[in-house]
Structures are given as C-alpha cells and as structure tokens.
Amino acid sequence: MAMELATEEWKGSHVLSVSDFSVESVAELFAAADKCKAAVNGAEGSDPAVLQVCKNKVLGLVFYEPSTRTNCSFAAAMQRLGGTCLQVSENSSVKKGETLQDTMRCIECYCDLTVLRHPEKGSVSRVSAYLRKPVLNAGDGDGEHPTQALLDLFTIANEQGGKIEGLTITMLGDLKYGRTTHSLAKLLAMYRVKLNFVSPQGLGMPESVKKSVAALGRAEVFECSDLQEVVAKSDVLYVTRVQKERFQDLAEYERVQGSFVVDSKALDNAMSTCTVMHPLPRVGEIAEEVDDYPNAAYFRQMENGMYVRMAIIAKVLGVL
Amino acid sequence: MAMELATEEWKGSHVLSVSDFSVESVAELFAAADKCKAAVNGAEGSDPAVLQVCKNKVLGLVFYEPSTRTNCSFAAAMQRLGGTCLQVSENSSVKKGETLQDTMRCIECYCDLTVLRHPEKGSVSRVSAYLRKPVLNAGDGDGEHPTQALLDLFTIANEQGGKIEGLTITMLGDLKYGRTTHSLAKLLAMYRVKLNFVSPQGLGMPESVKKSVAALGRAEVFECSDLQEVVAKSDVLYVTRVQKERFQDLAEYERVQGSFVVDSKALDNAMSTCTVMHPLPRVGEIAEEVDDYPNAAYFRQMENGMYVRMAIIAKVLGVL
Amino acid sequence: MAMELATEEWKGSHVLSVSDFSVESVAELFAAADKCKAAVNGAEGSDPAVLQVCKNKVLGLVFYEPSTRTNCSFAAAMQRLGGTCLQVSENSSVKKGETLQDTMRCIECYCDLTVLRHPEKGSVSRVSAYLRKPVLNAGDGDGEHPTQALLDLFTIANEQGGKIEGLTITMLGDLKYGRTTHSLAKLLAMYRVKLNFVSPQGLGMPESVKKSVAALGRAEVFECSDLQEVVAKSDVLYVTRVQKERFQDLAEYERVQGSFVVDSKALDNAMSTCTVMHPLPRVGEIAEEVDDYPNAAYFRQMENGMYVRMAIIAKVLGVL
C-alpha cells in the first residue's frame, strides 16, 4: 500500500500501518502538515483556505477504549480544517450484540471518514475491508498506531531543521512494551540514521522490530543500558516510561529507575541542539526542570500531532 | 396537529408522534429530505446552500437513555446543515432533583431546538407544553419514535421508485414488542398498501395497532406465521429481531427462530426488486451473505435517517 | 489584575476571580454581552459578524467534576461565536498519574483557550502560571466561579433597566455554603447598593465575605432571617437552596424550610418590578406558579450566562 499513498493515490485510502508509507509519501504528508501548521498559526504567506477544506465534512471518532489525547487530537484536527466530529465511545448497539463491521458501516453512513481505536490487534485492518470510506487506525491493541509514529517523525524533522537522514536518535526506557517506539523505529528504518536503544535489562527492543529495521538495510542500530554512553552524540532523545509493573523484582526496579529519569544532570553531556521528546503522559521520567530547556520538544510534539492528523484527514479526503 | 405540519405551518412545531403527519406533510418532508440527500452527496443540480441553512444554530441533544445511533444520526443531520450540537446525556442537575421541564427549559436557553429521548411514555409530549422552541421526540419508552417511522417510509419510497401507494410491505419478526413496526404500520395506514404481518405465535401485531390501521380504511392487512407464504409477492420485507427473552418456553424459541432468519435461501422466492430493510442493529436475523444483494437496503436506510432528520430540523426551524 | 481587564488589556488574560474585575471592565464586558445577545437573537441593528468572530478557533472544556449546565453554557457560547469545542471530562492520562499542569499544557496545544473546572480550591489559579493561552475558571471547589457571578450581575442590570447603583438586592437561603452568593456579593460591593442577607439561623453569610464587602465601603448590608421584613423594598430577590443536609437538627430544618420557599404568597408584598432570580437547578425553593410572574427571571438568567460567556471568550481572544 506504500505505493498507493504516494502522489495522487491518497484520496480514499485507509491509513492502517506505518508500513503503508514510503519516504515519498511521508515527505508529501509532512509538506501538507507544514501548510496546516502555518494556516492554524496565521503565519505570513500561509493559506487560510486550508482552514475550510473540510467544511460540511464529518469525521466519526469510534473509540472502544479511552484515549483522551488521541481523541482530542483527531477532533481538533478535523475542527481546525472546518469540519465537525461525531463521538462514538459507549455504544448501545454493541451491547445488543452488533458486530464491529456493522457498527462501522452504520457510523460511516453519517460520516466522510472514520477513526477507529480498538483493543484487538488487527481489528482495524480487518474491518477496513467492509468500508466504503477511509478509516484511520488510532491504535489496535499491541498492533499499530501509525499517526503517533508519523507525528514523532514530523517532530524530529521539524526540530532538526527539516532533515532526518544522518541523525542519531536515542530511544530510552522500556522499549519492550512501548508500542510507540516500535512503530517509530520501523518508520525511521527507511532513512540512513543511527538508532540507539537504551533500556533496562530485559526491557530491550523486541527482536521482531530489530529485524524489520535491519531488513531495510539503512539504519544502524546500537544497544546499551546506560544513557550516558550515548547522550553526547544524540541529536534526538526519545524518552518513554519505565513502568514499575513490568518488573518481577521490585529491587531491580528501584535500582534502575533512577537511571531512566531525564533531568538537568542527565542532560549535562548532551549537545545544546539535542531534541528531547516524550509521547506523554509522563510520570516522573522527565523532571519539570527540563521543560525550560529550549529543545524540550514534548509539548510541541503534542501540538504537531494535530497538524499531522490534519494533513492525513485532508489527504485521504482528497481536499489538500 | 397533522394540519399544522402541512404547508407553512412547520416552523416552530414540535414533532411528537407519527399522528402529527398527513400524506401532504409527509410528501413535503420527503421533498426536503431529497434536497438534503442531493446536497450532502454533491449531486448534479443540488443546492449547496442547504448545507449552511443552520449556520450559527444550535441543537440540544438530551438523551435520558443511551441510543448511540439515533443520537449520531441527529447530530450528523444538524452538522450537515451547518449547525452545531450540545450533548446532554448525564445530567448533574437531574441528580440534584430538578424536574424534566426545568431541565428542558434550561437547555433550550442555549439552543434553537431540542431533541429529547426519555424512557417514560408520554414524557416528551407532556414537557413540550413548557417549551418555547421546537422539541423532537427521539423515543419515549413504549410510546413514539416518529423520526424512525419517517425514515423507514422514506426508504421504502426511495427504493421503490418514489411511490408508496399499491405496495405490498411485509413485516417480519417480533411485532408485539417492536416499537418501530407499530409506528411504521400506523404511518403506512394513510396509504392504499397491503401489509403482511409475519410473526411467531404470541408475538403478533397488537390489536391497538391493527385498529389504528383499520380506522383509516385504506391499508389491507394479512397475518401469518410463515414468511414463505408471502415473500414472493412482497415489494418490501421489513425484518425485526426475535428476542430470546420474549419466549417463556425456550424450546418454542429454538423451534421458530430459524424461520425468522433471512438468508439467501429465505429470499429464493422473493422478487428481484424486493427491498430488504432492518432498523439495525441486527444480531443474526439477516445473514451477512444478504448484504451483497442489490436491494439489501438496511445501510441505506440508516443513511436516510440522516437526510430525513436534516429535513425535519430545517422544517421546524423554518429554514428550508 | 483588575487594571489588566480594562480597555485593551483583555486579550490573552486569564479569568480566575471576580476580584480581577473593576466597575470599568464589568461595563466593558456587559457592553460586549449586549452585542452578543442582539446578534444571537437577530435584533434590529445587531451585527451578524459577531457570530463568526471565533471561526476556526477551538475551546477546550476540561471538567474534573460534572457540571452539565456550566459546560453547556460555555460550549453554546463558543459555538454561537462560530467556534468549536473539545470536551475533556474523563481523562485517561490523569489515571496514569499525569499532573494537572501537564494535562492542561497538552490540551492547550490543540486549543485557543481553555475552561477548567476542578474540585480543588486555588487549582485553576495555580495551573494558569503554566499556560501560554487564556484559561477561564469555571469553578474551583469552595473557591471562585467568576462567570456565574458576572452573569448574575448582568441579569440584575438587564432586568432593572441597565443600572446597578441604588438597587436593593435581597439574597435568600443558605448563604453560608452557597458559593454563588459569595461571589455575587463581592462583585456587588463595587457599587452603591443595599444588600439584604436573609438566611436561617446558622446559615448566614460568612464573616470573610462581609469583610470583603465592607472593605470597599460602598454597599450597605442588612441581615435578618425573615423574608417578609425586606421583600417589599427589594428590587431583586436572589433565591438559593436550603439543603436538608446542612442542618444538624432535622426538626429545625422542618421549621424553617417553609419560610424559604418563594411562592405567590411570599411575593404578595413584593413590588411588581421585583426581579426574582435563582442560579438553578431549583428543588422546590421557587414554586412553579411563580414562573408565570413577568419578573421571574431565572430562565433569562440562564440564557444570559451564554451571552456573558460569549463576551468573555471573545474578549480574551481579542476578537470583539
């Protein structure tokens, strides 16, 4: 499907997985996201017409598990394009025994496209076969969450002057269970980058992800368990949470936990241009003192989610 | 009130019951729904101004029981007309002991019209006396659900080339407890049609509904318990669910249940032009294989709900 | 901050407390609210452009405790200005342990301004220091609820021919725990008015509020426990609930409760121009028979909430 998302093939497409994307379709998407960002902020030379391209269009937001942030981001994206949303979270028909495909076919009767979040891996892809209009995967359990990976990559490009090739990106924390780092690693594997995976013992990046990255033969991978080994050469530091409940031995958790908190001291050896990212919410992994650091990009990353989702919506509707 | 809904009398009217409607007001409503449908789909010759007639208008959706589908349908209808919605489902004031009339009078302060769904029969009609602005009944317990009957009738007319007179409509399933078939039968009774009521023993159409139909002296009624007796001559087959919990004798349920599942075999003797309908959600009453049948109209029926509700909203606001 | 809200200083300001306001900034706000009211009602000479000043703007409604009415009022206000809303009530990130400031900084990424209701006194003010865009306090526990006091004052001015100076305002009911009367009293204290506080024994206006009122040296205060003592000379009667659960002695509750129900008889000695108000919901404190009384203003008061909030939103966004 990567081919489909290049050039004119966006219109009517589903967005199911990061593997639908190519370097070209990512570039096209980011160009559109830049336009959206400029229009929302009323930047000089921006095109205010962007803010009306979804006038009279309706987006159906179908969330089978709560995700306030992702939901708000998609909703804001649609509204910023001049469109409106339908929220479907608790569904009385599902309680009566309706199938997922019937629910989605009903909701799409009212909408121009839908966003689906569902706890079952593969569910969004499976149901997309029944749909006449685009569906965007907003997370299917342990499966994919492509728009998160795209907004992360967009943030990296934006914070690092537009380029991705040649960067050194360090991912820190629990890389075993963190879905966001898996998708991002797969997406970064399309570029000539250096990826450092820094995690506590036993919480390293899964073999399957490393194989996917290696298969493209472009990214170079290095693994270790101490941030200080790699922080000085990192252009980007992508922090994720280390969850207590993942540790069988609490003493082990107490031992490593401190090494995975990013504070001013942890960044002492970092370059002044090092971009600090986090998918949020954070619970102590990044100290509040880091917020004042000019390259602390996690709130901009959050905002970029809206611009990237605006671009995706506009692209699959064929209006941008 | 039937007179009121004809010609110029729509503006400011409540919509409480199918008995508010006449053949003329239905025709007027359906002409408006056709316009809405054309505009949403950007059909040639359609009027895009329809999509802005509710600009700056606000619809209050007050749901005292969950009904995702009906709620979404009304919300999408308002949004497709360029208006916006307020959702009032869980109400902190009601918990403090506020009366229904006070709640509705407060909500209408913010809105141009309201939609009310309430579990108590007669509640919407009762509260309408307190309101300055139109209220639309979206279901009051065992009472009325007029917009559902209207969208069903609109679908019949649309699927059958615009005419209702002369059609044979077969209603199948539990006709005793199925509110939708009651209202639809009453509405169809205004026309010269043939109505077949096919239900398991003990779940037949209530006497009160049959009396209402007979009172108008136009529709012809036939009752039986086997679809095959009437399927070949049916222009429309309206399927509803047979709920296990309605049977006192489980063996009886097991015995009849199969005869009330519509699959390809059940439709073997049907005309190729026979329209298959269902209010949805379905739970096995129509096999998925029927979905590919060109006259399987249940998802179009769902979509028509939005057009009919657009028309009703626009009519009572006097903007179409 | 009172100075800040006067003249051109509104844009970008937070609205945290009634003490942010001066007589001048209140007058400015009310002039804007009048414009909003005229525009919504399509009054002669009104400016329809007002209904589009928030086009493409997004308001984030973050409610940590339910308040259907306040939420709807803000949402309708934003929608009437041509903008849209994001609803954040149940927050999956908060459950993961996110701080309030992080949540609000994330939500504001998608929005142009936010409204926050939170059960903790001082929370809105505290979190405002972290925010780049305006936040409006929609109630922080026992603390402030400035927009309620402003809509009350706007209603008084509107019902009494535009003037506040010289009026006699009687507040009735539980004045000890009723947050709305505290804020309103503080706001009224900026004017030369007479304030009558009528409450059951032990539920009188707190000393702290009376001190604040006295400090400005403009309003005259009188306290009693019988409405009939002051009703004949009241220009405004502001009724609040007397909650059973506030009484330690149930017999005492039964004894006084009747004297705090406003019915036709209680108003026998009132002037024909006396404005009757209530923040709603009511649970018996005002008999339904009073609703027909021309100066029963509580539903208009509810509606005014929308106009005042439109004015506040437009002012802090700098678009009106």
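Contact is taken here to mean heavy atoms within 4.5 Å, and by this criterion the contact between chain C and chain A takes 27 residues from chain C and 24 residues from chain A. The structure is a predicted model, in which local features need pLDDT of at least 70 and side-chain atom pairs count only at pLDDT 80 or more, whereas totals for chains, interfaces and linings use all residues. Residues are numbered from 1 along each chain as its sequence is written, chains are lettered from A in the order in which they are written, and side-chain values use heavy atoms, with hydrogens and water left out.

Between them, chain C and chain A bury about 2,200 Å², of which 51% lies on carbon and sulfur atoms; buried area is the accessible area (1.4 Å probe) that two parts lose on being put together, summed over both. Of the area that chain C buries against chain A, 31% is supplied by Asn56(C), Cys109(C) and Tyr110(C), more than by any other three residues.

The count between chain C and chain A is 5 salt bridges, each being a side-chain nitrogen of Lys or Arg within 4 Å of a carboxyl oxygen of Asp or Glu. Glu303(A) forms a salt bridge with Arg132(C), with the closest N and O atoms 3.6 Å apart.
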